[in-house]
Number of protein chains: 2
Amino acid sequence: MSELQRIAEELDAADPLAAVRGKFVLDDVTYLDGNSLGALPAHVPGRVEDVVRRQWGELRIRSWEESGWWTAPERIGDRIAPLVGAAAGQVVVGDSTSVNVFKALVAAVRMAEQDGRTGGGSERRNRPVRDEILVDATTFPTDGYIAESAARMTGCTLRPVAPAEVPSALADRGGRTAAVLLNHVDYRTGRLHDLPALTAAVHAAGAYAVWDLCHSAGALPVGLDEHGVDLAVGCTYKYLNGGPGSPAYLYVRRDLQPRFDSPLPGWNSHAEPFGMRSDYAPASGAPRGRVGTPDILSLLALEAALDVWDEEGVSVAAVRAKSLALTDFFLRCVGAYVPDGRVESVTPEAHAERGSQVALRCEDAGEVMKQLIERGVVGDYRAPDVLRFGFTPLYVGFADVEWAARVLARTLAG
Amino acid sequence: MSELQRIAEELDAADPLAAVRGKFVLDDVTYLDGNSLGALPAHVPGRVEDVVRRQWGELRIRSWEESGWWTAPERIGDRIAPLVGAAAGQVVVGDSTSVNVFKALVAAVRMAEQDGRTGGGSERRNRPVRDEILVDATTFPTDGYIAESAARMTGCTLRPVAPAEVPSALADRGGRTAAVLLNHVDYRTGRLHDLPALTAAVHAAGAYAVWDLCHSAGALPVGLDEHGVDLAVGCTYKYLNGGPGSPAYLYVRRDLQPRFDSPLPGWNSHAEPFGMRSDYAPASGAPRGRVGTPDILSLLALEAALDVWDEEGVSVAAVRAKSLALTDFFLRCVGAYVPDGRVESVTPEAHAERGSQVALRCEDAGEVMKQLIERGVVGDYRAPDVLRFGFTPLYVGFADVEWAARVLARTLAG
């Protein structure tokens with residue numbers, strides 16, 4: 001047994017989350033792709049079967065009330081809320097991340113417009129029109145595409161900016177920025193951006209901050225309420241293990257909810273959805289972010305998956321501590337096993353700047369990942385040259401990490 | 001045995017679809033609410049279990065390719081296509097009906113705008129600006145709410161018009177109408193609108209026709225291709241039995257697809273979704289209507305449910321013939337059992353104007369439906385005064401119909 005193997009054994013033995021692994025369906029594959037699709041929690045199939053056979057099959061239409069289907073979007077939102085540092089009543093689940101980015105950005109621009117209209121006389125005349133959206137230039141593409149559409153449909157211009165340059169970009173534009181769309185963790189590099197400081201900078205410029213939490217929720221503390229984030233969205237199939245394409249969520253800060261003016265005001269967001277009124281009157285609270293009939297099977301699989309967070313010892317703090325230990329250890333093992341220069345980590349060394357993944361730049365990354373997968377180490381490849389390894393602390397152990405680094409080194413050796 | 005019971009028995013004995021009932025999970029409840037939530041096809045739980053346990057649990061991320069998850073939206077769209085009279089390659093499944101109404105209407109307005117820009121010189125100058133959307137004034141509310149948002153975001157005005165008055169409304173406006181959103185079957189009354197004639201009228205005025213098929217698909221012939229419909233949307237949890245909140249679909253006529261300019265251009269609609277490009281370039285064909293990551297559990301439950309349409313003897317024509325026989329027979333039984341004047345059918349007598357439901361106006365409709373449900377006859381209530389009974393020919397029989405009318409009469413007698 002090598003030194004690193006011995007250390008892995010010690011780390012696993014001391015891991016307070018080690019027992020949680022048993023709550024997931026895993027096999028002899030080393031699964032480091034939970035940042036793309038989380039593994040299956042072992043109790044989920046039984047719960048889904050009950051939803052299908054009993055709730056749908058036997059109760060049928062009655063389940064909308066009796067099985068709590070109707071209120072699932074906000075009930076499950078309240079389960080996600082503490083994981084992203086939000087008090088209850090501010091998160092609603094439904095639709096895809098892309099659709100939620102659209103809702104959040106358009107609503108943010110409308111809030112900025114409304115700010116421009118309030119206040120009287122000279123104050124109002126001197127206020128610049130807010131007609132610009134800033135978007136993270138390194139964003140996962142869908143956020144940029146949707147931001148472009150939101151800008152087009154609200155008469156704004158869209159300006160891609162590297163997150164670090166957001167404060168100076170805001171200053172440049174002299175108060176014309178309406179909203180800023182940022183990623184908490186970069187999907188490619190795994191870089192964790194400074195949510196508190198960037199949110200403060202956006203607010204100082206009088207704009208609204210919309211955060212995409214896809215790669216942070218369930219992996220590290222977010223602190224939406226604490227840092228005064230305005231709106232946020234995220235997916236649930238990565239570190240929250242909700243299953244393939246499980247619905248995304250939308251956070252609207254409580255004091256902004258009365259001003260949340262949705263571009264997708266479907267009947268589920270109506271104050272009286274079964275009143276069948278031809279005039280739209282929005283619901284108050286988080287349900288205002290709903291649109292159409294929720295996809296119950298996917299939603300309730302997610303609800304079941306979230307039970308893992310009620311296990312003894314499981315908390316965002318514990319997950320974050322283990323996540324950093326896992327990524328530290330992976331970088332150490334890669335450093336020890338892989339010849340210098342063969343790969344280059346594009347994930348920051350500093351803990352304050354690191355999410356829960358390690359991204360290694362590497363020639364032939366696509367081919368290397370293919371071989372890794374054939375050898376039972378599953379990460380993923382992001383064009384043009386990145387090997388991504390995601391570390392879900394709920395089910396990844398230190399021996400997995402050491403083994404993955406060893407197989408990577410062997411694969412790179414050819 | 002009464003005369004009507006005897007006739008019911010004969011009709012059931014002669015019903016070519018009678019055996020299909022055995023493909024569904026049913027019990028001693030008389031379920032006449034399939035126009036709200038279709039019953040569970042018996043083979044669906046096993047298929048969902050395979051999706052959860054094997055595809056998600058064992059194959060995990062590999063299922064995006066190996067289990068055909070990635071292509072499910074258009075593959076399942078091609079299963080729905082023949083049921084709505086569409087050739088393959090024009091229907092894509094995903095998102096809610098509300099979200100698809102938004103995509104379709106905004107895209108229709110943009111096509112009309114584009115028409116206004118093409119053609120040269122004097123012709124162009126004489127052409128009116130198309131800045132109005134007509135919407136069915138009796139529509140299920142969400143279509144109206146979303147149409148209002150689409151109008152607001154495209155700089156159009158929205159004008160609610162009764163479907164029968166659409167031709168005159170189009171003429172009134174002298175070519176200013178960009179798009180018309182109509183329901184094939186009215187959700188409340190069960191009235192079937194004249195899709196061929198209304199579509200032709202919309203086209204004659206140079207506008208685009210968007211049809212909502214929620215209450216017709218799977219119950220009667222639609223003929224999208226035959227009648228030259230431009231865009232259409234529909235849900236899948238009513239007569240298609242896809243399960244609670246199963247995803248909706250979007251039809252874009254093939255020759256319009258290159259001009260389909262989505263307001264929700266998520267990464268799933270990109271020509272090269274894994275290219276991770278910052279510039280948006282739309283996919284060709286039906287996938288252009290996709291947005292974000294599809295909700296696989298709900299989608300694949302729907303795919304399984306559609307297998308019922310491959311059973312011997314099952315066709316839209318057979319379903320339509322039985323549907324009309326069922327609603328005819330229900331109206332006959334109600335006429336025989338319920339005292340004159342106690343209820344009034346708001347569903348048209350003429351077959352050409354009838355969907356697959358019967359709506360009875362009735363005092364205390366809410367209370368009456370509650371009692372009916374307690375007695376094991378499940379329909380639903382729509383404010384303020386309508387009892388709705390939906391007849392899904394795949395699993396409702398004539399004895400059900402006679403029994404439901406008998407229980408209704410008993411309930412109304414107090």
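Over the face of which ring does Arg60(B) lie? In this predicted model, for which local features need pLDDT of at least 70 and side-chain atom pairs count only at pLDDT 80 or more, while totals for chains, interfaces and linings use all residues, side-chain values use heavy atoms, with hydrogens and water left out. Residues are numbered from 1 along each chain as its sequence is written, and chains are lettered from A and ligands numbered from 1 in the order in which they are written. Arg60(B) lies over the face of Tyr31(A), at 4.7 Å from the ring centre, where a charge is taken to sit over a ring if NZ of Lys or CZ of Arg is within 6 Å of the ring centre and within 35 degrees of the ring normal. Arg290(B) is likewise placed over the face of Trp70(B), at 4.7 Å from the ring centre.

The contact (heavy atoms within 4.5 Å) takes 75 residues from chain A and 75 residues from chain B. The area buried between chain A and chain B, that is, the accessible area (1.4 Å probe) that two parts lose on being put together, summed over both, is about 6,100 Å², of which carbon and sulfur atoms give 67%. Of the area that chain A buries against chain B, Trp56(A), Arg60(A) and Tyr145(A) supply 14%, more than any other three residues.

Between chain A and chain B there are 4 salt bridges, each defined by a side-chain nitrogen of Lys or Arg within 4 Å of a carboxyl oxygen of Asp or Glu. Arg152(A) forms a salt bridge with Asp261(B), the closest N and O atoms being 2.6 Å apart.

The rings of Phe102(A) and Phe102(B) have their centres 5.7 Å apart and their planes at 55°, so the pair is tilted. This pair crosses between chains, from helix α5 (residues 97-117) of chain A to helix α5 (residues 97-117) of chain B. Phe102(A) is buried (under 20% relative accessible area, against over 50% for exposed and in between for partly exposed; 1.4 Å probe, protein chains only), with a relative accessible area of 0%, and Phe102(B) is buried with a relative accessible area of 0%. The rings of Phe140(A) and Trp267(B), with centres 5.0 Å apart and planes at 75°, form an edge-to-face pair.

How values were computed: Rings of Phe, Tyr and Trp (its six-membered ring) pair if their centres lie within 6.5 Å; planes under 30 degrees apart count as stacked, over 60 as edge-to-face and the rest as tilted. Helices (H or I, at least four residues) and strands (E, at least two) are DSSP runs, numbered from the N terminus.
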